[in-house]
Amino acid sequence: MEILLLIFLGIISYFIVKRSVANLTTTPIWLLWLVLMAPPLLLTVWMLILGEKEPLPLPLMVIPFVLCPLLYWWLIQKGRPIPAPEETTDSPTTPSLELSKNPRPLTPDEEKSLRKCFPWGVYYLQAVDYLPQAILCRGRLKSNPEQAYQTVRENVEDKFGDRFLLIFQEGVANKPFFALVPNPRSETQKIPTTDTEEVLQRPQLVLGLFLITLFTTTLVGAAFTGITPEQFQANPRLLLQGLPYSLALMLILGVHEFSHYGAAIYYRIRTTLPYFIPMPFFLGTMGAFIQMRSPVPHRRALFDIAFAGPIGGFLVTVPLLIWGLSLSEVVELSDRASLLNFEALDPRFSLFLAVLGKLTLGDRLGVNMAIHLHPLAIAGYLGVIVTALNLMPVGQLDGGHIVHAMFGQRMALIIGQIARLLMLLFAFARQEFIIWAIVLLFMPNTNEPALNDVTELDNRRDFLGLCALTLLVIILLPLPGKLASVLGV
């Protein structure tokens, strides 16, 4: 199991490194990946040689987690290309939306027209700066952000058509600024782009990945029922016994991603259909994802799209988990009980799981008892874990988008850093979380701003966001001792 987890982490971390830093440094990706994998590799080797009963010494646990991030950062900086003089800028607030690197400079007449797009009573324009990525318009906000963005956007569209995308972003000292970025899908400007004509909907690929993932999860689900490879070879129809796990897990992941998809379509954002990722071992899949190929219009849309996925999946997960727990067996708690041992799961690691398990199993779940999960319960349990992991307020995870929409991009960066450190400390107490702690540690903590990234959310969305973060805490928080005594577990 440890080797499979290491392989699983290695695949995920490689794609994370390749996607996040390949364009930032000339340092070989394999070297960065090796530094990233050093701590879990050390932990896995230790457990294989000495077993789980012999804990990893504290220095060997702490030192790699301190040195490897520093070495990882140093290697990235060492390989950064030196920019040309005309590409350097002292502005710390340049928009990160990389839609074009060479916007055509405005003529003097065009700049005069641009300045007229900013009414004095709405946004007092003080300076227009030309940067390689965008044209920055700095000034003082004189009205509420929503009114300012709508007014300026309508004026810019009236003067320049669809030539630019208008970004409204938080600046230093509470001075938001506008940025005009060339629109790669402009019908009036011929701006070269590699993905303008990209076909987003690929039904053959989507269906193919779905069917392959359905097979791999069914295969794994059959293994969860105790079917051996020899029995399967002798009677292939035994594969059908893996369908409860497979169909439940695919339903949870599908509802999660289609909730994102539906919210994105509602806001007219170009997006792909969900892609399922098959894996022929461990859980049978690495999950599913969609890709949005056009900017998010405002923080409300950012929140709704991010919130819809985990909550939609969770609403399907709970009844499936209750059904699966009712079919599960209760066994004696032993040293083998852990978060990833489905034959002897200790529900006390999670306040949510312990309470739900007690309500479902009743007196059968008592002190010093663990749960032998039915395959349907395994799918529901994984749905709970997927919900918690996606709600982590870090980077481009759903939780990262939620805190970005609630508190703004700057505060979201701080919250993300705190969450990563807390998860790392949490992993020292529960080593089963070490893989996710490492992934979070090296995951980029930034995400693209919405076009209107200044207007704040309404009270209803703020409340729903706090509920989502509370759900994360309830899932990850261990069952308190006093509550365990009250519940009799």
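In the predicted model, the side chains of Asp304 and Arg461 form a salt bridge with an N to O distance of 2.9 Å. Asp304 belongs to helix H9 and Arg461 to helix H15 (residues 459–476), so this pair ties together parts that are 157 residues apart in sequence. Arg461 is buried, its relative accessible area being 10%. The pair is also part of a network of salt bridges that links Asp304, Asp458 and Arg461.

Eight salt bridges are found in a search of the whole structure. Another of these involves helix H9 (299–326): the side chains of Arg299 and Glu170 meet at 3.6 Å, N to O. Arg299 lies in helix H9, whereas Glu170 is located in the loop between strand E3 (164–169) and strand E4 (177–182), so parts that are 129 residues apart in sequence are tied together by the pair. The two partners were assigned to separate burial classes: Arg299 counts as buried at 2% relative accessibility, while Glu170, at 23%, counts as partly exposed. A further salt bridge joins the side chains of Arg348 and Asp346, with an N to O distance of 2.7 Å; both of these residues are buried.

Strands E5 (residues 275–278) and E6 (residues 285–289) pair in the antiparallel sense over four bridges. Within this pairing, Gly287 in E6 is the bridge partner of Ile277. Six residues lie between the strands of the hairpin, in which Phe282 adopts a positive phi near 60 degrees.

The loop between E6 and helix H9 contains Ser294. With 17% relative accessibility, Ser294 falls under the 20% limit and therefore counts as buried. When neighbours within four places in sequence are left aside, Ser294 is in contact with Arg268, Ile269 and Arg270. A polar atom of the Ser294 side chain lies 2.8 Å from the backbone nitrogen of Arg270.

How values were computed:
Residues are numbered from 1 along each chain as its sequence is written. This is a predicted model: local features need pLDDT of at least 70, side-chain atom pairs count only at pLDDT 80 or more; totals for chains, interfaces and linings use all residues. Side-chain values use heavy atoms; hydrogens and water are left out. Two strands pair if DSSP finds at least two bridges between them. Helices (H or I, at least four residues) and strands (E, at least two) are DSSP runs, numbered from the N terminus. Buried means under 20% relative accessible area, exposed over 50%, partly exposed in between (1.4 Å probe, protein chains only). A polar contact is a pair of N or O atoms within 3.5 Å; within protein, one must be able to donate a hydrogen and the other to accept it, and residues adjacent in sequence count only if both atoms are side-chain atoms. Contact means heavy atoms within 4.5 Å. A salt bridge is a side-chain nitrogen of Lys or Arg within 4 Å of a carboxyl oxygen of Asp or Glu.
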